[in-house]
Amino acid sequence: MIEFKNVDVVFGKQPERALPLMDNGESLQEIQEKTGLTAAVRNASLKVGKGEICVLMGLSGSGKSSLLRTANGLNPVTRGDVFLETDQGIQNFHELSEDQRRHVRMNRISMVFQKFALMPWLTVAENVAFGLEQKGLDKSTVRTKAIEQLTLVGLGEWADKKPSELSGGMQQRVGLARAFAMETDIILMDEPFSALDPLIRSDLQDELLRLQKQLNKTVLFVSHDLDEALKLGNHIAIMKDGAIVQHDTPENIVMNPADDYVEAFVAHTNPIDVVNAQALMRRFDDFREKQGEICLSERDDCWLYQGDSINNSAIRYGDTKVPLEVWRDGDTDDVNKKRALVVPLETRMHTVMALRYQSGHGVLVEQDGKLVGHVGDREIYHAMLGKLIGDK
Ligand SMILES: Nc1ncnc2c1ncn2[C@@H]1O[C@H](COP(=O)(O)OP(=O)(O)OP(=O)(O)O)[C@@H](O)[C@H]1O
């Protein structure tokens with residue numbers, strides 16, 4: 001977990017001079033003119049939970065990197081707090097002694113930069129091992145861990161090559177392996193994929209999502225690119241002139257932008273590529289129940305009977321029962337029309353719509369093997385019109 005509370009970052013001599021002006025609501029430009037100081041971050045509050053990827057987005061100069069870099073002390077905090085989960089519990093990073101900070105940097109936080117920052121004279125494995133050696137682990141443990149991490153990112157065979165023998169995409173994979181090897185809970189990523197061409201970039205995004213499923217880190221990720229933010233983020237925080245103007249789920253950023261600035265960012269995004277079943281569905285708490293069955297549609301006389309498992313559950317239209325089937329990622333054209341389909345929470349709206357259309361039934365949504373909601377035509381139409389059922 002990492003939490004920023006009312007963080008201000010000001011660059012220049014005697015940065016505190018900017019604080020009263022900031023409190024007066026003066027603009028960055030006014031502050032710059034009056035004091036010569038750069039107020040890069042203004043009153044930013046943001047919490048990133050364990051297992052979450054939060055993407056910081058905004059135009060160039062909006063303060064994304066300045067905020068990110070307060071998390072490991074690369075930038076000072078002029079005012080405010082940065083709380084981190086450490087082995088001593090939750091601690092305010094900027095109140096720690098220099099020794100304690102070094103310990104936290106070594107054991108709790110790692111960082112991946114835009115430039116791969118690999119040392120050219122070391123082999124790939126030695127680059128991954130570097131931080132582990134600093135931790136004081138013995139040589140054979142270090143080598144084993146480095147190879148394990150390289151294998152995890154598909155580069156096991158390349159361990160003894162030099163970085164210059166690898167493509168840009170592979171070098172950034174080494175960067176990921178190096179960050180993951182440190183086994184820190186928190187990973188800071190400052191535009192790690194921006195220098196890569198689009199196909200490789202997309203591969204690495206997939207790779208990060210795959211690793212994250214396995215490793216469950218707390219990730220703060222800076223990006224310029226909305227598509228990247230929508231693909232990776234559980235939450236997105238949009239920054240403007242040093243302030244966070246909206247911190248929200250990707251769906252809400254696209255469907256309910258907080259102001260014109262956010263709206264301009266998302267103007268060309270199609271909701272069906274962003275909204276997922278979780279945001280789209282109507283939860284069962286919201287439906288009428290009768291004799292143990294949930295009424296999915298009054299008009300169609302459609303009911304859900306829930307047995308002890310999904311396989312033993314069914315939907316019923318009047319007297320006709322339709323068994324359920326969990327949809328496994330695959331072709332949306334090739335669905336069994338005699339079944340109603342069940343999808344996980346993260347399934348994208350375009351897939352849910354295709355399954356609704358192909359199966360002829362509303363789509364059920366499961367979480368950890370339990371049915372939790374339903375997407376029918378009403379939910380789909382609402383989302384197309386720019387409204388999610390959850391925020392009506
Ligand atoms: N070390 C520094 N010293 C002085 N000013 C700085 C420093 N780092 C950043 N700034 C200034 O702070 C403001 C915010 O910069 P920052 O790099 O945080 O923005 P950003 O949103 O990450 O931009 P980009 O997407 O271009 O990297 C800018 O005006 C920048 O010039």
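What follows looks at a sheet, a ligand site and a pair of helices in a predicted model.

Strand β1 (residues 2-11) pairs with β2 in the antiparallel sense through 7 bridges.

Around the ligand are F11, T38, A40, G58, S60, G61, S62, G63, K64, S65, S66 and H224. By class, this shell splits into 9 polar residues, 2 nonpolar and 1 charged. At least two shell residues come from each of β2 (38-48) and α3 (64-68), and α3 gives the most, with 3 residues.

Then there is the helix pair. Helix α7 (residues 168-181) and helix α8 (residues 198-215) have axes that come within 10 Å and cross at roughly 20 degrees. Angles under 35 degrees count as roughly parallel, which means that α7 runs roughly parallel to α8. The crossing of these two helices, α7 and α8, is right-handed. On the α7 side, the contact is made by G169, Q172, R173, L176 and F180; on the α8 side, the residues they meet are I200, D203, L204, E207, L208, L211 and L215. Sorted by class, the contact of α7 with α8 has 7 nonpolar, 3 charged and 2 polar residues.

How values were computed. Residues numbered from 1 in each chain as written. Predicted model: local features only at pLDDT ≥ 70, side-chain atom pairs only at ≥ 80, totals over all residues. Axes fitted to C-alpha atoms, helices over the stretch in contact; angles between N-to-C directions. Helix = DSSP H or I, 4+ residues; strand = E, 2+ residues; numbered from the N terminus. Parallel < 35°, antiparallel > 145°, perpendicular 65-115°, else oblique. Left-handed = near helix turned anticlockwise from the far one by under 90°. Contact = placed C-beta atoms within 7 Å. Nonpolar A, V, L, I, M, F, W, Y, C, P; charged D, E, K, R; others polar. Near = placed C-beta within 6 Å. Pairing = 2+ DSSP bridges.
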